Amino acid sequence: MSEGIHFIGPLILAAFLFCVGIYGIIARRNAVLVLMSVELMLNAVNINLVAFNNLRFADSPTVDGQIFALFIIAIAAAEVGVGLAIVLNMFRNRASVNVDDVDLMRW
Amino acid sequence: MEQLLDYAWLVALLPLAAAAIISAFGKLMPLKGSEVGIVAVFIAWLISIGITWHTFSNPGVVLERAFDWSPLGGGLTLELGMLVDGLTAMMFLLVTTVSLMVQLYSREYMHGEERFTYFFAMLSLFTFSMLLLVIANNTLQAIVGWELVGLCSFLLIGFYWHDKPNQDAANKAFMVTKFADVGLVVGVIILSAGVAATGIEKPFNIGTTMELSMNGTLSNGTIAFGALMIFLGAVGKSGQMPLHVWLPDAMAGPTPVSALIHAATMVTAGVFLVARLYPVYIQVAAVMHTVAIVGVITLFFAGFLALVQDDIKKVLAYSTVSQLGYMMAALGVGGYTAGIFHLFTHGFFKALLFLGSGSLIHAVHSNNMSEMGGMRKFMPITFVTFIIGSLALAGFPLTAGFFSKDEVLVAGELWAANGFVTGNLVLWLGLAGAFVTTFYMARSCFLIFWGEHRGAHHAHAEEHDVVPHGDDAHDEHHTDEHVTVGHHATPHESGWQITVPLVVLAAGALLVGLPGSFLWPADANNFESWTATHALEEASYPFISAPEDDHPASEAVGGAGVLAAPALAAEPGEHGDGGVHVLHGPPGFEPLLAGIAFAVFLAAAGLAWSIYGKGQPDDDPMFRMGPVTKALVAKYGLDTFGYRYIVVPVRDKLSPAASWSSNVVIDGIVRSAGGAAKRLADATYGTLDQKIIDGGVNGAAFSAAWWSDKLKRIQSGDVQRYAGALVAGVIVLVLVFAGAR
Amino acid sequence: MSPQEIVFYLIAIATGLSAIATVTSRNLVHAALFLAATLAGIAGVFLVLHADFVALVQLLVYVGAIAILFLFGLMLTRAPIGREALDSQNRGLGAAISLVLFGVLVTLIVEAFGNQPAFPVDGVGVAEIGLALFSRWVFPFEVASMLLLAGLIGAILLSRRESGESGDETPITRIQMSELGPGDDRGELVSTKRDDA
């Protein structure tokens, strides 16, 4: 190919997705949706990693960025599993997955 | 014997120890404390005789010992000491003899009295006080003794305090003498200040004061002022006019008290003090004249008051006042020896008279002469001794009183020879006073011992005047011993404890005058050499220039021309010092003066016999003298004057004002200070403590609670908010790190 | 603009819009599906970036497993089918923070890498990834597998029922639609004992 994309394109996309994920964490009421937003954030990080991997590729070939991304995918999978298990527990105990209702550790 | 002088202080302390023992244990003793008192005074009497013997044989000997105390650590030294010389010895002998006789007498007179022990304790205490005054070597100690005798006098006059008049009499005595004591204290202060100004450490010492007065260190003004102020104290204590008013009222006390205190000892304290400080008094003419005039007034006017009395003790009281006037007047005209000689003899015969009157009162249970009469049949010993005493008082030749009174008149004559009119006053008014004295004593004797006994005519409780009858308590006491009616008609002689003192004192009244008389060998030690203090031996009056040698002072203007005997003139050899000497030398016999005195005696006695020889007349001429009688009965209006112009204003104006200033002003200040302190405390508590400090403390807690209430909302339990805060922090960190690059 | 750029921009826009839809959708299941779309778009981005293997793994794992997992989770927690109530009250805070963060990050990125020229990329083969993974990165690889095991065990442990409650005594959970009409999507949770037939 002739020219690639602007280097910062993916980076800005990643930042955008990250911020959307933050908004989702803060603003969503359902616990499962909060977990979804966390996934969004993780994916934004993945994009970042892969983009930077390309940055170094020109000098010397490297796959470190992609390896990182793979690991993050794996970890995210495990984390989602455990997280949903917790949400399920929460639902069983309190009959609600509304994070606003889980405020017993308040003043 | 010389070492005995070192123990002179024992004479004073033995009665004090006796007083203490009697107070503590008297009631438990078999004789109720009287044995302790009598033994103590007896031993003191023996020591006094020893001291007398030694000082008489060695004239001019003087012993001074003192404990020094410097409260300020130097600069001012106070002394507690004794000054033993002939004057001291004379007073010792007088006080211990009379005290011993009175204590023995009191054993019978106060027998059965409930407060017998207290009486004896007070007698011993008084004896100690008087001896403390006599033995003092410094004026401060003299003041202490002076005040103590005043206290004992108060307590003893008010012995029968259950009756109000007796309390009043005690109060009057105390207040009048206390008023005069202001003068005493002021005088002592002035003299001691004068002495201290020269840098001497012991300004109160009598010897030092006398020395500085004589060598001119103290100014005449200091001397005059100090001496006159001290004389004011003497006026009160020795009953000179016008402060004599307490003495007649003091007869409310028991008769032994009157004999001891108000005849022989306490009232002579003033005369004694002037005599002791004589070198001070002779420096300024004005002082001498003042003393003389006061004495003359007293001796003349007091005698008349005795003419209208019915109470025998009142007669004797006024007689005492008059005789004190003689002593003071003698001192005022340069008759140092005469004055204290008269003091000495008067002590004996006046005590004798009082004790004798006590014996009479004891027999008839009344003080009034109108209830006596014909007593010579019932009480022979009392009669004889009383007559002897009266003769001595009147100056019958060869009694002690004769010699001493003669000396007084001679002193007046010699003084007149120096050109002073006070000497003439003493001489002529003294003779006139002798007439009055003889008259009233003769009147009294005739009323008491001659005529019919009037006791049976009067009921037991009838009284003629409202003067306090201290002995009435004594009367009631004996009611159970005598059947009331009928038995009183026959009084009987008193027991030996009363009559023996009478006899002893009568002997004294006859014999103690001899050492001062012209019958005594002229070259032997006599009364004058015995009592002349060391300072006076060479003293002379600074205000009299020496007369020329060929005119002996004996031939003086205005004198009776009596004094031709050279023995009485100052020895020519001594004129060389440039002044008239104080001491007159041994007395000589002057027939003219003695003759005049005897004539006066006969005239007065004869007049009295003519009126009273048959007993009490129906109309006593004394009471028919119109305005004179009125004045005499009213005691010259002095008591009324004192009451209206002194007692009432003080009681009704000064005392309420003083108590107002204390209760309203001073207490008001104190109370308002207290109130202010309380208000300040309340304000401090309310504002400072409650509002500010507690407000601060509470406010700290409150603000902590308020802040925590506000800040706790951060922990909302909302996890998403936590996440938001976290991300915000991340943003900040990113900015920080980016900015750092 | 090269074709790669055009493709990239299209995919990026789609991904971004899907992401926004994920976090703002009122319907929970729609949100899950939009998440899946977003994940797929990200896989496309990987492809554009010449990370083939990662893109495929992304599709397999994320879209194929995790998105489905989310759907299961929504089901098991009886997520209401239909619209749900408004988001929590923290929307303002979230919007503010994310906007600020986005602004900061973009500024920084542009500053740091704005001048970075585009560069051609040849791509990396799977063989290189395999080699690197088992040589240089073998240790984290093993740890990651341990982690997956732990996650597995943990998920089972957390979601199992308490002992002694299995079998006939467990209450059945039923979802009952509300009778109150549209607009109220709340269902009732009714717990009944299962009858022993």
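Me: What share of the chain B contacts with a separation of 6 or more comes from residues 24 or more positions apart?
Reply: 80%. A pair is called a contact when the two C-beta atoms, placed from the backbone, lie within 7 Å. Bear in mind that this is a predicted model, where local features need pLDDT of at least 70, side-chain atom pairs count only at pLDDT 80 or more, and totals for chains, interfaces and linings use all residues. Residues are numbered from 1 along each chain as its sequence is written, with chains lettered from A and ligands numbered from 1 in the order in which they are written.

Me: And what is the figure for chain C, for residues at least 24 apart?
Reply: There, 51% of the contacts between residues at least 6 apart in sequence join residues at least 24 apart.

Me: Why is helix 25 of chain B said to lie in the open?
Reply: Of its 74 residues, the number buried is 0, so helix 25 of chain B lies largely in the open. A helix here is a DSSP run of H or I with at least four residues, a strand a run of E with at least two, both numbered from the N terminus. Chain B has 26 helices and 2 strands.

Me: What is the kink in helix 25 of chain B, and where is it centred?
Reply: Helix 25 (residues 638-711) bends by about 45°, centred on Val650(B). The bend is the angle between axes fitted to the seven residues ending at a residue and the seven starting there.

Me: How do you know what span to expect for helix 1 of chain B?
Reply: Take 1.5 Å times one less than the number of residues. For the 18 residues of helix 1 (residues 8-25) of chain B that gives 26 Å, and the end C-alpha atoms are 26 Å apart, so the two agree.

Me: Which residues of helix 1 of chain B are buried, and what do they pack against?
Reply: Ala8(B), Val11(B), Ala12(B) and Leu14(B) are among the buried ones, as are Pro15(B), Ala18(B), Ala19(B) and Ile22(B). They pack against helix 2 (34-57), strand 2 (78-84), helix 3 (86-109) and helix 4 (116-135) of chain B.

Me: What makes a set of residues a nonpolar core, and how many residues are in the largest?
Reply: Its members are buried Ala, Val, Leu, Ile, Met, Phe, Trp, Tyr and Cys residues, joined through C-beta atoms within 7 Å. The largest has 219 residues, and Leu131(B) and Val271(B) are among those with the most contacts inside it. Helix 15 (residues 336-364) of chain B gives the most to this core, with 17 residues.

Me: How many residues bring chains A and C into contact?
Reply: 63 residues of chain A touch 76 residues of chain C. Helix 3 of chain A gives the most to chain A's side, with 20 residues.

Definitions and conventions
Buried ≥ 20, exposed ≤ 12 C-beta atoms within 10 Å, placed from the backbone.
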